[in-house]
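Biologist: I would like to learn how to read features off a model. Can we take them one at a time?

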Amino acid sequence: MKKRKNHSPEFKAKVALEAIREELTLAELSKKYDVHPTQIGTWKRAAIENMAATFARRGAAPEQVSAAEVDKLHSKIGQLVVERDFLADASHQLLGTRGKKW
């Protein structure tokens, strides 16, 4: 059984660029770099699809949100829901409209 290879991003870019140039066929590139032709096609497609992102404005990239910040926001949402429900029940008790719709 063959061990799975992990190729560097630089290697993938190099092979994808050669595939985009189409100076050699995928089969020839496959033989040259010892990579399956389907994999080369996948890298080529990914390179072409993501090429526009290279020229996008630097400030236009979406911000990455950390898991800690997501947890903090979920906690805050839970707290606000509890407070809202408490205040709704308290207002119904004060107004004597418990169980009645407005």
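Modeller: Lys44 and Glu22 form a salt bridge, with 3.2 Å between the closest N and O atoms. Lys44 lies in helix H3 and Glu22 in the loop between H1 and H2, so the pair ties together parts 22 residues apart in sequence. This is a predicted model: local features need pLDDT of at least 70, side-chain atom pairs count only at pLDDT 80 or more, and totals for chains, interfaces and linings use all residues. Residues are numbered from 1 along each chain as its sequence is written, and side-chain values use heavy atoms, with hydrogens and water left out.

Biologist: What is a salt bridge here?

Modeller: A side-chain nitrogen of Lys or Arg within 4 Å of a carboxyl oxygen of Asp or Glu. By this rule the count is four salt bridges.

Biologist: Which residue forms a salt bridge with Lys5?

Modeller: Asp34, with the closest N and O atoms 2.6 Å apart. The pair links distant parts of the chain, 29 residues apart. Lys5 sits in the segment before helix H1 (9-21). Asp34 sits in the loop between helix H2 (26-33) and helix H3 (37-49).

Biologist: And which residue meets Glu18 in a salt bridge?

Modeller: Lys32, at 3.3 Å, N to O. Glu18 is in helix H1 and Lys32 in helix H2, 14 residues apart.

Biologist: How do I read the helix labels?

Modeller: Helices (H or I, at least four residues) and strands (E, at least two) are DSSP runs, numbered from the N terminus. The protein chain has five helices and zero strands. From the N terminus on, its elements run α-α-α-α-α.

Biologist: Now accessibility. What do buried and exposed mean?

Modeller: Buried means under 20% relative accessible area, exposed over 50%, and partly exposed in between (1.4 Å probe, protein chains only). Of the 102 residues in the protein chain, buried residues make up 12%.

Biologist: Is Glu18 buried or exposed?

Modeller: Glu18 counts as buried, because its relative accessibility is 16%. Glu22 is exposed at 57%. Lys5 is partly exposed at 43%, and Asp34 is partly exposed at 46%.

Biologist: Which residues form a nonpolar patch on the surface?

Modeller: First the rule. Patches are made of residues with over 30% relative accessible area and no salt bridge. Like charges are joined within 9 Å, and nonpolar side chains (Val, Leu, Ile, Met, Phe, Trp, Tyr) within 5 Å. Here Ile48, Met51 and Phe55 form a nonpolar patch, with about 350 Å² of accessible area together. Such areas come from the Shrake-Rupley method with a 1.4 Å probe; for residues, only the protein chains shown count as cover. Ile48 lies in helix H3 and is partly exposed at 46% relative accessibility.

Biologist: Last feature: pockets. How are they found?

Modeller: Rolling a probe the size of a water molecule over the atoms shows where empty space is left. On a 1 Å grid over the protein atoms alone, a pocket is an open set of points where a 1.4 Å probe fits, with protein on both sides within 12 Å along at least five of seven lines. Lining residues have an atom within 4 Å of a point.

Biologist: How much space lies in the largest pocket?

Modeller: About 270 Å³. Grid points are joined across faces, edges and corners, and the volume is the space filled by probe spheres set on the points.

Biologist: Which residues line the largest pocket?

Modeller: Among them are Lys5, Asp34 and Trp43. Others include Arg4, His7, Lys12 and Gln39. By class, the lining has two nonpolar, four polar and six charged residues. Ala, Val, Leu, Ile, Met, Phe, Trp, Tyr, Cys and Pro count as nonpolar; Asp, Glu, Lys and Arg as charged; the others, Gly among them, as polar.
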